[in-house]
Amino acid sequence: MSTEIAYQSSIRPASSKSYGVDEVLTACPETGDLLDVRYDWNRVPVPSSLREFEARWSSRRNPLDFSGVWRFRELLPFAAPGQIVTIGEGQTLLQDSAQVANYVGLKPGNLFLQYEGLNPSGSFKDNGMTAAVTHARMVGARMAACASTGNTSASLAIYAGVTGLFRVIVFVGSGKIAYGKLSQALDYGAVTLQIQGDFDDALQQVRAVCQSAGIYLCNSVNPFRLEGQKTIMYRVLEGLNWEVPDWIVVPGGNLGNSSAFGKAFMELKELGLIDRVPRLAVINAAGANTLYQLYEQQGLCWNNGQPDQALIASFYRQMDEEHRRARTLASAIEINRPVNLEKCLRALDFCDGVVREVTDSAILDAKAQVGAGGFGCEPASGASVAGAKLLREQGIIAPSDRVVCILTGHQLKDPGATVEYHAGPEESAGEYRNSPIVVENNFERIMDVIAQIR
Ligand code: F0G
């Protein structure tokens, strides 16, 4: 066992082997299993109540207290304060939206939207990236890389650009990334490799490249990244005056977020900082539904840290034989081989979780509702609202439940999808279409149109 406060070890409960936080690992060197960052909590000055973190609101000139991630630093204590890299991430909002509550089928006041699109690079990824780049700095990395459907790459690129600490290479699937996100990687100065394949291909390549060239990998197999993403849950609790909601609903792609949320609640419970745990709903797009199929249809579960490996292997074998590739308009979650599958199973086990799949049209309709009754979001984020609506219709979420939907990315990430929904061909029109009206450059004609508006 390590003698340090923080160490890395396999996610298997039985594993006793640990590795220092100064090691750069994306899997257990002995077993290949995913890794956790763990802590000897007896030696960490954790507050006795979550409310104590509020004291930091008054010292916001200190960048660590300003950060929505690092003001909870006692709950992710792997870095010395002087090593922490922050660009002011995590200033995000929890909105109580009556209109979206009505759409989902909940009472007003019971549906909350957590806007992670308000982060500096416009997605939740900044919560994790601040932690990953902090670790990269701790180990003296000079070059960092990731594969991405667009948000991870934007996030890594902004941290590298702003801090000048690393050169960055991002791997994206050719034609598989929304323009808002691609434009960010280019503008922030990242070397951008467009792989002729999809995200699953790009991730496989970047892992091999990083291993072989000693480049620091910032995808969510990096356990430090997920430490930062735990803080989304702390801020949700903060937004609810430290009350635990009944449900957290989150889109599922590579399953880093859902895994991080599960770990957050496991630790808060262990530390006695919460007395109950919310239920977790992970929502797949129907065209990228590996988790849904395995968990809900084939009965795969955490099984005390021993998920059925033969079932997972045969599922992927069949996927390859049938040449099945992920396909959804929610390009952020167009992923068929989620690397955090087993960690997510653990989160589902701990949080009495459910998984659902939703169609692209349900995602886009939900997204339009978030646009009309909230601040907007990108398509993948709409999956959480579509999923909450489905679970409500199925009677799994009760009308009186308090539900938090995580909106993972900003509306402007994928303007193409939004404009297509509202102004695309009539035959593919969504239910909440709001088409622009074409009118002659003529005062009378314009007044005719205005007269018809009620
Ligand atoms: N929502 C958005 C907006 C995302 O960008 C992602 C993942 C997810 C949801 C899914 O989160 O992977 O933790 O289950 N985007 C990654 C990327 C894959 O490369 O930007 P997850």
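The structure is a predicted model, in which local features require pLDDT of at least 70 and side-chain atom pairs count only at pLDDT 80 or more, whereas totals for chains, interfaces and linings use all residues. Residues are numbered from 1 along each chain as its sequence is written, and side-chain values use heavy atoms, with hydrogens and water left out.

The ligand is surrounded by 20 residues, a residue being counted when one of its heavy atoms lies within 4 Å of the molecule. Ser148, Gly253, Asn254, Leu255 and Thr408 are the closest. By class, this shell comprises 6 nonpolar, 12 polar and 2 charged residues (Ala, Val, Leu, Ile, Met, Phe, Trp, Tyr, Cys and Pro count as nonpolar, Asp, Glu, Lys and Arg as charged, and the others, Gly among them, as polar).

A polar side-chain atom of serine 148 lies 2.7 Å from a ligand oxygen atom, and a polar backbone atom of asparagine 254 is 2.7 Å from an oxygen atom of the ligand. For glycine 256, a backbone N or O atom is found 3.0 Å from an oxygen atom of the ligand. Of the 480 Å² that the ligand exposes when taken alone, the protein buries 99% (Shrake-Rupley method, 1.4 Å probe). Helix H4 (151-163) and helix H9 (256-270) are the elements that give two or more residues to the shell; helices (H or I, at least four residues) and strands (E, at least two) are DSSP runs, numbered from the N terminus.

The structure holds 4 cavities of 30 Å³ or more. On a 1 Å grid over the protein atoms alone, a cavity is a set of points where a 1.4 Å probe fits but cannot get out, a pocket is an open set with protein on both sides within 12 Å along at least five of seven lines, and lining residues have an atom within 4 Å of a point. The ligand takes the space of the largest cavity (more than half of its atoms within 2 Å of the grid points), which contains about 320 Å³ of space. Its lining has 28 residues, with Phe124, Lys125, Gly253, Asn254 and Ala332 nearest the centre. H9 provides the largest share of this lining, 3 residues.

The largest pocket has a volume of about 480 Å³. Among its 20 lining residues, Arg207, Val221, Arg337, Pro338 and Val339 are the closest to the centre. Helix H6 (199-213) gives the most to the lining, with 4 residues. The lining of the largest pocket divides into 10 nonpolar, 4 polar and 6 charged residues.

Terms used
Polar contact = N/O pair within 3.5 Å; in protein donor to acceptor, adjacent residues only side chain to side chain. Points joined across faces, edges and corners; volume = space filled by probe spheres on them.
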